[in-house]
Amino acid sequence: MTTAEVGQLVYARGLGLRYGASPILHDIDLDIVEGSQLALTGRSGSGKTTLLLVLAGLLRPTDGTVSWPGLSAESVRRRGQIGMVFQAPSLMPELTAFQNVTLPLRLRGASLDAASTAAMRALTSVAAAELCGALPTQLSGGQQQRIAIARALAGGHRLVLADEPTGSLDRAHAHEAALALRDGVASTGGALILATHDPELAELFDQQLAVVDGSIMQSVRTR
């Protein structure tokens, strides 16, 4: 049975990355399969964000290998299979919340009806349906981040990488949004890796990977 046949999406061995003489990541082995729900925990500066960017193919490692056996071999197509939620919402300021969610779907070839249905479902799941007509400048930071999470959910990506996506939300909304992200990705059969320094949010995920000084120090099953 091949790697792809067992649903493996990402395969990393001996992964390392340096900026000049400074090691940011080193000696990381990681397997991500379909349906994985992983929380990357660790303090700021531990390497969580850098690891997500390498797994997304946005940074090239300086050591080891990373491959995507369960995703497209063509890098441009593969990027469409990977959704990302950053610490900053990165919404297009001239578009409404609804348009920000539907635009990536339309660019990938979805019909207007299909994109609209997926967008409304995703916006509703993060309690943001009432924000559809608002421009990003009319929204709080927390509201903007809920739109960014909805955009990732609506895409039906095979792999979603989220970097502190609830950092600008209050406790209740952070918990709600993290659950919506976890369950929304799970409903599509995709995999989710969420970086967080919040231990309560990490407990919502099947597995926790502790990142310390650029290495994965331990793996903890939580559910």
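In the predicted model, strand 1 pairs with strand 4 (residues 63-67). The sense of this pairing is antiparallel, and it runs over four bridges. Within strand 4, Val66 is the bridge partner of Ala12.

Strand 1 (residues 8-19) also pairs with strand 2 (residues 22-33). Here too the sense is antiparallel, with eight bridges between the two strands. Leu15 has Ile28 of strand 2 opposite it. Strand 1 and strand 2 form a hairpin with two residues between the strands. In this hairpin, Gly20 adopts a positive phi near 65 degrees.

One cavity of 30 Å³ or more is present in the structure. The largest cavity holds about 30 Å³ of space. Its lining consists of Met84, Val85, Phe86, Ala88, Pro89, Ala148 and Arg151. Two secondary-structure elements each supply at least two of the lining residues: strand 5 (82-85) and helix 5 (141-154). By residue class, the lining of the largest cavity comprises six nonpolar residues, no polar residues and one charged residue. Arg151 is the charged member, because Arg counts as charged, and Arg151 belongs to the lining. Met84 and Phe86 are among the nonpolar members, because Met and Phe count as nonpolar and both residues line the cavity.

Notes: Residues are numbered from 1 along each chain as its sequence is written. This is a predicted model: local features need pLDDT of at least 70, side-chain atom pairs count only at pLDDT 80 or more; totals for chains, interfaces and linings use all residues. Side-chain values use heavy atoms; hydrogens and water are left out. On a 1 Å grid over the protein atoms alone, a cavity is a set of points where a 1.4 Å probe fits but cannot get out, and a pocket is an open set with protein on both sides within 12 Å along at least five of seven lines; lining residues have an atom within 4 Å of a point. Grid points are joined across faces, edges and corners, and a volume is the space filled by probe spheres set on the points. Two strands pair if DSSP finds at least two bridges between them.
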